[in-house]
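Open the model in a viewer and keep the selection panel at hand. The stops below say what to select and what is there.

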Amino acid sequence: MLANPVIVESLVVFAIVLCVHFVVWNQLSWCSIALAIQAFYVQHKWDRLLKSGGAVFQFRPSATSGIVPASMVMPLLGLALRERCEASGNVYFERFSMVITVTGMMLALFLSLIALGITRPVPTNTCVVAGLAGSVVMYTTKQALTVSEVIEVLEVLLIFVYLSLIVLYLLPRCFTPGEALLIVGGISFIINQLIKRSLNLAEVKGDPVNYFLPVVVVGSLLLGIFFTLLFCFMESETWVSSLFFHMMTAVLALGIIMPWLSLLIRRHPLTWLLDFVTLNQKRLYLLAYWVLLAALASMVVLHQNYRRASGSKKHQASTVVRKYFHLIVVATYVPGLVFDRQLLHVASVGCLAAFLLLEYVRYFRIRPLGQLLRQLLTLFLDERDSGPLILTHIYLLLGMSLPIWLFPGPCAPKGSLPGAGGLVPYAGVLAVGVGDTMASVFGSSMGEIQWPGTKKTMEGTATSIFAQIIAVVIFLIFDGAINLNASYAWIVGSIALVSLLEAYTTQIDNLLLPLYLFILFML
């Protein structure tokens, strides 16, 4: 009898939850376990709704709901961050981590209520389990958080409700319920934090680097929503509409984003950026090297499109060809992680802004590049790009960058964490750049024994684990800041668990795997 991949995926997530609570046990641990159990029950209801077409919105086809893996990311992330910040004595970020944990739990419970509310007949047993889990979370929240922190959680929940309605309506078939929870929940949290800091400018502290990401995310979101609504009433492919798009983008950038950012960092962003980039010669060399890699990636795209144009039959990029970009991204990120992580942080945020802007240009067919981008990128589509947006390249960038953006700098006074924590910034490179690439390439070319219930092979998973272990050894050689302190068994076990999750999940692995490896390395 074939194993149910959804159950195996849930069991792997449960194993990760138990590993986290083996290291971290506090007043929120019971809540996390209760949340995982109720998410398992609710996932079955969501999967049944997706198969029957009874879901309110159109979600990504040929994928499960992904409620269990998505529901546990934010709670576990907050618990892992709290453990590190508590050990370093940083009280502010310790409380902030608790807010992250409770916010993740509330968002997951809200998604569960949606599924239970639209399921007919009403699933009594699942309602009881969800009610008990919700009661545990509510009671613990009352005991663990202050009134202002509870209000902050409710603000994020309110933003999530409205934003999810907008995003899921405007972008059908782009996300599964779990992916929507993860992406829209994360954006909602960023929006709330940016508003909070903008209203309390006198208390704004910290590295200016950390303010670029939230401003870019909020600015890109505003731009996307505005033009999506606008182009519902007018043609977007004309030169007049394209000129209006470019003008409004410039107005948003120069009239809103730049002044907003200058208020937060207390300097003009362009002069700060110029001083930041030209701080030393090493940064200029890194930037030149990254420009060469970007040119190489563009040449791969043009070459593959040339092959399609000159071929006698329809040509589609293979899995191996798509993994070329993973290798290019690894070659981009590793030198940045070794030599200058702050520059890599800013550069990755800039790439995110550029990717989102180009996707808007492609989606709306903005002249002169819109139609050309559609033709060039169609070659690299896979089954996950079933909606109006092409998001795989953005997910790849996010998967590589999230461990860098989420790195708890204030809780690492020496710039690096001890033990497995030294590998935290490398979680994206290991999980996506090395592990996922090797699993796909070797699994599709040489794999013969499939995991029960999936198309993934055991050979691919084994190669993925082995390649990541080799990569860890290489990072140890070239990055002197990493000091594993004999935590080798934990590192190998973490890599094995995340690789097994990659074999069974139908969610966006570029987004999910780095986050779970980040959480495990944080402990």
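The count of salt bridges in this predicted model comes to 10. Three of them make up the first stops.

Select Glu94 and Arg82. They form a salt bridge, with the closest N and O atoms 3.8 Å apart. Glu94 belongs to helix α5 (residues 91-118) and Arg82 to helix α4, 12 residues apart. Both Glu94 and Arg82 are buried.

Next, select Arg365 and Glu237, whose side chains meet in a salt bridge at 3.6 Å, N to O. This pair joins two loops: Arg365 sits between α14 (341-364) and α15 (370-378), and Glu237 between α9 and α10 (239-265), 128 residues apart. Arg365 is partly exposed, at a relative accessible area of 30%; Glu237 is also partly exposed, at 34%.

Move to Asp479 and Arg341, a salt bridge with its closest N and O atoms 3.0 Å apart. Asp479 is in the loop between α18 and α19 and Arg341 is in helix α14, so the pair ties together parts 138 residues apart in sequence. Asp479 is buried, with a relative accessible area of 5%, while Arg341 counts as partly exposed at 21%.

Now select helix α18 (residues 458-478), which holds Phe466. Phe466 is exposed, with a relative accessible area of 55%.

Go to Thr176, in the loop between α7 (147-170) and α8 (177-199). Thr176 is buried, with a relative accessible area of 1%. Which residues does Thr176 touch, not counting those up to four places away in sequence? They are Phe59, Arg60, Ala63, Thr64, Ser65 and Gln507. The side chains of Thr176 and Gln507 are joined by a polar contact of 2.5 Å.

Thr228 lies in helix α9 (residues 212-230). At 12% relative accessibility, Thr228 counts as buried. Beyond four places in sequence, Thr228 touches Leu170 and Phe364.

Finish at helix α1 (residues 5-23). The 19 residues of α1 should span 27 Å at 1.5 Å a residue, and its end C-alpha atoms, 28 Å apart, agree with that. At the start of α1, a side-chain oxygen of Asn4 comes to within 3.0 Å of the backbone nitrogen of Val6. The buried residues of α1 include Val6, Val13, Ile16, Val20 and His21. Show α2 (29-52), α3 (67-71), α4 (73-88), α19 (488-504) and α20 (509-522) to see what the buried residues of α1 pack against.

Methods:
Residues numbered from 1 in each chain as written. Predicted model: local features only at pLDDT ≥ 70, side-chain atom pairs only at ≥ 80, totals over all residues. Heavy atoms only, no water. Helix = DSSP H or I, 4+ residues; strand = E, 2+ residues; numbered from the N terminus. Buried < 20%, exposed > 50% of the residue type's maximum accessible area, 1.4 Å probe, protein only. Expected span 1.5 Å × (residues − 1). Contact = heavy atoms within 4.5 Å. Polar contact = N/O pair within 3.5 Å; in protein donor to acceptor, adjacent residues only side chain to side chain. Salt bridge = Lys/Arg side-chain N within 4 Å of Asp/Glu carboxyl O.
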